[in-house]
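Work through the exercises below with the coordinates loaded. Each task is followed by a stepwise solution.

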Amino acid sequence: MKIREATSYRIAELCKQKHLNGYVVCSRVGMPASTYCCIMSGVSRNPSIVNINRIASGLGITIREFYNSDIFDHLDED
């Protein structure tokens with residue numbers, strides 16, 4: 001799995017756990033929905049750490065908690 005795929009998978013996983021959708025996450029942090037959609041669809045090949053941190057904040061977690069997942073242990077190179 002590539003990093004962008006793992007990132008979107010992790011966001012979806014956390015949204016499901018917290019019973020949130022992308023609209024709620026974006027509105028909590030003032031992120032354009034288009035940015036969120038590009039990250040989730042894989043259009044954004046290299047999502048910035050700033051945007052990942054904003055999404056984590058919208059999910060009510062830290063960036064450390066975001067990346068605390070086995071999914072990031074074995075990534076393919078792009």
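This is a predicted model: local features need pLDDT of at least 70, side-chain atom pairs count only at pLDDT 80 or more; totals for chains, interfaces and linings use all residues.

Residues are numbered from 1 along each chain as its sequence is written, and side-chain values use heavy atoms, with hydrogens and water left out.

**Exercise 1.** Determine the secondary structure of the protein chain and how its radius of gyration compares with the globule rule.

Step 1. Take helices (H or I, at least four residues) and strands (E, at least two) as DSSP runs, numbered from the N terminus. The protein chain then has five helices and zero strands, in the order α-α-α-α-α from the N terminus on.

Step 2. Compute the radius of gyration over C-alpha atoms; the globule rule is 2.2 Å times the number of residues to the power 0.38. The result is 11 Å, close to the 12 Å that the rule gives for 78 residues, so the protein chain is as compact as a globular protein of that length.

Step 3. Along the principal axes, the C-alpha atoms fill a box of roughly 30 × 25 × 20 Å.

**Exercise 2.** Describe the packing of helix α1 (residues 3-18) against helix α3 (residues 33-41).

Step 1. The angle is about 115° and the axes are 7 Å apart.

Step 2. Angles under 35 degrees count as roughly parallel, over 145 as roughly antiparallel, 65 to 115 as roughly perpendicular and the rest as oblique. Helices α1 and α3 are therefore roughly perpendicular to each other.

Step 3. List the contacts (heavy atoms within 4.5 Å). Helix α1 contributes Thr-7, Ser-8, Ile-11, Ala-12 and Cys-15, and α3 contributes Tyr-36, Ile-39 and Met-40.

**Exercise 3.** Which residues does Ile-55 contact, leaving aside its neighbours within four places in sequence?

Step 1. Apply the contact criterion to Ile-55, which gives Ile-11, Val-25, Met-31, Tyr-36 and Ile-39.

**Exercise 4.** Locate Pro-32 and state whether it is buried, partly exposed or exposed.

Step 1. Pro-32 is found in the loop between α2 and α3.

Step 2. Buried means under 20% relative accessible area, exposed over 50%, partly exposed in between (1.4 Å probe, protein chains only). At 42% relative accessibility, Pro-32 counts as partly exposed.

Step 3. Leaving aside neighbours within four places in sequence, Pro-32 is in contact with Cys-26 and Arg-54.

Terms used. Axes are lines fitted to C-alpha atoms, for helices over the stretch in contact, and angles run from 0 to 180 degrees between N-to-C directions.
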